[in-house]
Amino acid sequence: MTNLGKLFILIGVMWLFQLWFAYKQAMLFQKDIGGLRKEGTMAVGLGGRRYRGGRAFVALTCDESGTVKRGMVLKGFTIFARSRALDTYTGFSIGEIASGDRVVQSEKKKVQEAAQSSAKHILEYFERIKSGE
């Protein structure tokens, strides 16, 4: 086997490891947000860019009145990023977050975008419930 063949095999093995670690990361995030689902209406939003600073996933849970109860964030550039509690949006109105009127300046822009996306998903869900879909 030539050196080029060995290089392609090495790249293939490294790619498989990356896929496996990404799968494990997704399963850990799903497990972490599983508790949020039991507390009320929950949605996950995405923010940031894929290659410029990474992406952020924000899960927000709210009660029937539209007030955020808890949140989780998964951000980082590598597959070793772990989710953590996001308390900066607790007590805010989903409508204010979705419209962009309520922004937490201490969070990075990708987290703000993901929280806004999550809030929009929750508002869309509430609208579907009201319309009877």
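Biologist: In which strand is Leu74 found?
Modeller: This is a predicted model, and the strands in it are numbered from the N terminus. Leu74 is found in strand E3.

Biologist: Is Leu74 buried or exposed?
Modeller: A residue is called buried when its relative accessible area is under 20%. Leu74 has a relative accessibility of 9%, so Leu74 counts as buried.

Biologist: Which residues does Leu74 touch, not counting residues up to four places away in sequence?
Modeller: Contact here means heavy atoms within 4.5 Å. On that basis, Leu74 touches Gln25, Phe29, Arg55, Ala56, Phe57, Ala81, Arg82 and Ser83.

Biologist: How many Å apart in space are Leu74 and Leu46, C-alpha to C-alpha?
Modeller: In sequence, Leu74 and Leu46 are 28 residues apart. In space, the C-alpha to C-alpha distance between Leu74 and Leu46 is 9.7 Å.

Biologist: Where does Ile33 lie, and is Ile33 buried or exposed?
Modeller: Ile33 lies in helix H1, which covers residues 3-37. Its relative accessible area is 1%, so Ile33 is buried.

Biologist: With which residues is Ile33 in contact, leaving aside its neighbours within four places in sequence?
Modeller: Ile33 and Ser83 are 50 residues apart in sequence and 8.9 Å apart in space, C-alpha to C-alpha. The contacts of Ile33 are a separate list, with those sequence neighbours left aside. That list is Met42, Val44, Ala59 and Met72.

Biologist: Which element gives the largest share of the largest nonpolar core?
Modeller: The largest nonpolar core has 20 residues, and those with the most contacts inside it are Val58, Leu60, Tyr89, Ile97 and Ile122. Two or more residues of this core come from each of strand E2 (55-62), strand E3 (68-76), helix H2 (94-99) and helix H3 (109-131). The largest share, six residues, comes from H3.

Biologist: How many residues are in the second, separate core?
Modeller: Ile33 and Leu74 are both included in this core, along with Met42 and Ala59. The second core has eight residues.

Biologist: With which residues is Ile97 in contact, leaving aside its neighbours within four places in sequence?
Modeller: Ile97 is one of the residues with the most contacts inside the largest core. Its contacts beyond those neighbours are Leu60, Val68, Tyr89, Phe92, Arg102, Ala115, Gln116 and Ala119.

Biologist: What pattern does the protein chain follow along the sequence?
Modeller: The protein chain has three helices and four strands. Read along the sequence, the pattern is α-β-β-β-β-α-α.

Biologist: What is the radius of gyration of the protein chain?
Modeller: For 133 residues the globule rule gives 14 Å, and the value for this chain is well over that, so the chain is more spread out than a compact globule. The C-alpha trace spans about 65 × 30 × 25 Å along its principal axes. The radius of gyration is 18 Å.

Note on methods
Residues numbered from 1 in each chain as written. Predicted model: local features only at pLDDT ≥ 70, side-chain atom pairs only at ≥ 80, totals over all residues. Heavy atoms only, no water. Rg over C-alpha atoms; globule rule 2.2 N^0.38 Å. Core = buried A, V, L, I, M, F, W, Y, C linked by side-chain atoms within 4.5 Å. Buried < 20%, exposed > 50% of the residue type's maximum accessible area, 1.4 Å probe, protein only.
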